[in-house]
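Grab the model, open your viewer and work through a few exercises with me. Try each task yourself before you read the solution.

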Amino acid sequence: MATGHGHDDHHHGPAKGITRWLYTTNHKDIGTMYLVFSLAMFLLGGTFALVIRAELFQPGLQFVTPNFFNQMTTMHGLVMVFGAVMPAFVGLANWMIPMMIGAPDMALPRMNNWSFWILPFAFLMLSSTLFMDSGAPNFGWTFYAPLSTTYAPSSVTFFIFAVHMMGVSSIMGSINIIATIQNLRAPGMTYMKMPLFVWTWLITAYLLLAVMPVLAGVVTMMLFDIHFGTSFFSAAGGGDPVLFQHVFWFFGHPEVYIMILPAFGVVSEIVSTFSRKRLFGYDSMVYATSSIAFLSFIVWAHHMFTTGMPLAGELFFMYATMLIAVPTGVKVFNWIATMFKGSISFETPMLFAIAFVVLFTMGGFTGLMLAISPADFQYQDTYFVVAHFHYVLVPGAVFSIMAATYYWLPKWTGNMYDENLGRLHFWLSFIGINVLFFPQHFLGLAGMPRRIPDYALQFADFNMLSSIGAFIFGFSQLLFVFIVIKAARGGKKATAEVWDGSHGLEWTVPSPAPYHTFSTPPVIK
């Protein structure tokens with residue numbers, strides 16, 4: 001198995017320069033391109049967020065018009081979800097899955113190349129709307145009709161096309177991942193011996209295949225309402241705006257699990273490695289992941305408690321949503337049990353993984369609060385919801401992507417990253433994130449609405465705090481970029497057992513770890 005140092009194309013000798021990246025079918029090259037692209041999108045989406053937080057630093061209108069503020073909230077959400085988080089996980093999948101299951105490459109390497117190269121053009125098209133006369137989409141990342149159909153800027157058509165392209169990319173990527181895992185496992189690599197990262201991605205790929213066509217459907221209905229005189233979402237023509245919400249959230253709820261399931265896989269690998277123990281409850285982790293994926297399809301209307309659904313519907317969606325806490329709790333307890341009495345060392349990947357477990361659990365608790373429908377009437381559309389999903393997505397999805405980057409960088413580049421800088425990046429991010437999002441719980445409970453560029457005086461102090469946290473977190477990501485580039489360009493060479501060779505523990509421990517004969521008993525540091 002190649003170690004990641006050779007980038008030669010198997011067929012025609014090594015391609016040179018830009019053509020190597022344009023035409024490559026090598027899963028490592030494609031994984032790298034996905035990761036670099038998602039990092040660029042992460043910085044772009046973060047810039048949009050800093051515009052939002054700068055405006056909200058104090059009450060009144062400071063820097064931007066309300067319309068531009070709405071464009072920023074929309075673009076921030078779309079770029080982060082479809083441009084930063086999802087492509088990053090696909091990049092990790094491309095790099096690691098073939099190596100984890102002993103495959104020579106992905107099953108469909110040409111399609112792999114195409115599914116990546118669609119993305120830069122999709123996001124170029126989406127970003128170009130910022131420079132159009134009508135302005136970028138200004139209707140929120142959930143693009144509720146009729147705001148996105150009747151009252152939308154003319155750039156909405158570009159947005160719809162961009163969403164279609166992202167969807168095509170996701171569907172091709174998913175087919176590739178499923179085909180690879182089901183057909184290219186090495187002899188003896190049974191399903192229940194696969195690393196958990198592979199398992200979570202297999203389940204995620206099926207989720208993507210199921211819901212991306214739904215997203216395509218809803219944006220196509222929008223397109224027809226805007227240009228072809230249909231009335232899917234217009235009550236005047238016999239349609240219903242609430243239909244939009246049902247179709248959108250039938251995509252949107254599984255989508256948020258698509259953004260977190262691979263993170264569960266990453267954290268499972270890392271917690272096991274740095275605790276120097278096999279993962280506790282491997283089988284239950286697989287079943288829990290599958291249960292979460294199944295339940296994600298029957299809870300979509302918990303985003304719609306205030307639309308006036310029947311009481312029976314409210315009760316069903318409330319209980320179904322609360323049920324998701326059970327398999328999620330199983331996972332959290334398994335990670336804690338894995339660390340329990342382990343020989344833990346706190347390198348950067350482990351710091352991010354532990355922060356993930358703690359903060360993701362907190363986000364889960366606020367999610368449980370939002371699931372209680374009578375309480376949700378109060379929380380709906382306030383900053384409490386913003387705090388909830390950012391606690392799940394930033395310390396959840398984003399931290400796990402960073403953890404994975406630090407964890408696998410030595411494997412990808414052959415060099416060790418700077419551990420001290422890595423820890424500094426972690427602490428700046430950790431403090432920044434909590435200063436940024438924790439006050440938003442209080443703002444929301446006090447009634448501050450989302451997506452509004454101005455606010456009442458009583459919200460001033462917490463907003464100032466929140467914005468300070470945003471700039472700490474945002475600018476500390478430049479340190480992350482520096483660390484990654486520095487490691488890619490050189491540095492201390494990585495050993496065969498990167499993470500603490502003294503234990504003789506193979507560092508890429510597959511989830512059900514091979515039995516090791518430790519030459520010396522593990523020492524607790």
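Predicted model: local features only at pLDDT ≥ 70, side-chain atom pairs only at ≥ 80, totals over all residues.

Residues are numbered from 1 along each chain as its sequence is written, and side-chain values use heavy atoms, with hydrogens and water left out.

**Exercise 1. The overall fold**

Step 1: Check the dimensions. Along the principal axes, the C-alpha atoms fill a box of roughly 75 × 50 × 45 Å.

Step 2: Look at burial. Of the 525 residues, 56% are buried. Buried means under 20% relative accessible area, exposed over 50%, and partly exposed in between (1.4 Å probe, protein chains only).

**Exercise 2. Salt bridges**

Find the salt bridges in the whole structure and say where their partners lie.

Step 1: Apply the cut-off, a side-chain nitrogen of Lys or Arg within 4 Å of a carboxyl oxygen of Asp or Glu. The search turns up three salt bridges.

Step 2: Take R20 and D29, whose closest N and O atoms are 3.1 Å apart. D29 is buried, at a relative accessible area of 1%.

Step 3: Move on to K486 and D418, with 2.9 Å between the closest N and O atoms. This pair links distant parts of the chain, 68 residues apart: K486 is in helix α16 (residues 460-489), and D418 is in the loop between α14 (383-413) and α15 (419-445). K486 is partly exposed at 37%, and D418 is partly exposed at 25%.

Step 4: Finish with E419 and R423, which meet at 3.0 Å, N to O. Both are in helix α15, four residues apart, or about one turn of the helix. E419 is buried at 19%, while R423 is partly exposed at 32%.

**Exercise 3. Aromatic pairs**

Are the F143–F248 and Y407–W499 pairs stacked or edge-to-face?

Step 1: Set the rule. Rings of Phe, Tyr and Trp (its six-membered ring) pair if their centres lie within 6.5 Å; planes under 30 degrees apart count as stacked, over 60 as edge-to-face and the rest as tilted. The count comes to 49 aromatic pairs.

Step 2: F143 and F248 are edge-to-face, at 5.1 Å centre to centre and 80 degrees between the planes. F143 lies in the loop between α4 (109-128) and α5 (156-183) and F248 in helix α7 (residues 241-258), so the pair ties together parts 105 residues apart in sequence. Both F143 and F248 are buried.

Step 3: Y407 and W499 are stacked, at 6.2 Å centre to centre with 10 degrees between the planes. Y407 is in helix α14 and W499 in the segment after α16, so this pair ties together parts 92 residues apart in sequence. Y407 is buried at 2%, and W499 is buried at 2%.

**Exercise 4. A charge over a ring**

Which ring face does R185 lie over?

Solution: R185 lies over the face of Y191, at 3.9 Å from the ring centre. The test wants NZ of Lys or CZ of Arg within 6 Å of the ring centre and within 35 degrees of the ring normal.

**Exercise 5. A cis bond**

Locate the cis peptide bond between A145 and P146.

Solution: Omega is near 5 degrees for the bond from A145 to P146. P146 sits in the loop between α4 and α5.

**Exercise 6. Positive phi**

Where do K341 and D381 lie, and what is phi for each?

Step 1: Most residues other than glycine have a negative phi.

Step 2: Phi of K341 is near 60 degrees. K341 is in the loop between α11 (325-339) and α12 (348-371) and is exposed at 74%.

Step 3: Phi of D381 is near 60 degrees too. D381 is in the loop between α13 (373-379) and α14, and is partly exposed at 39%.

Technical notes: Helix = DSSP H or I, 4+ residues; strand = E, 2+ residues; numbered from the N terminus.
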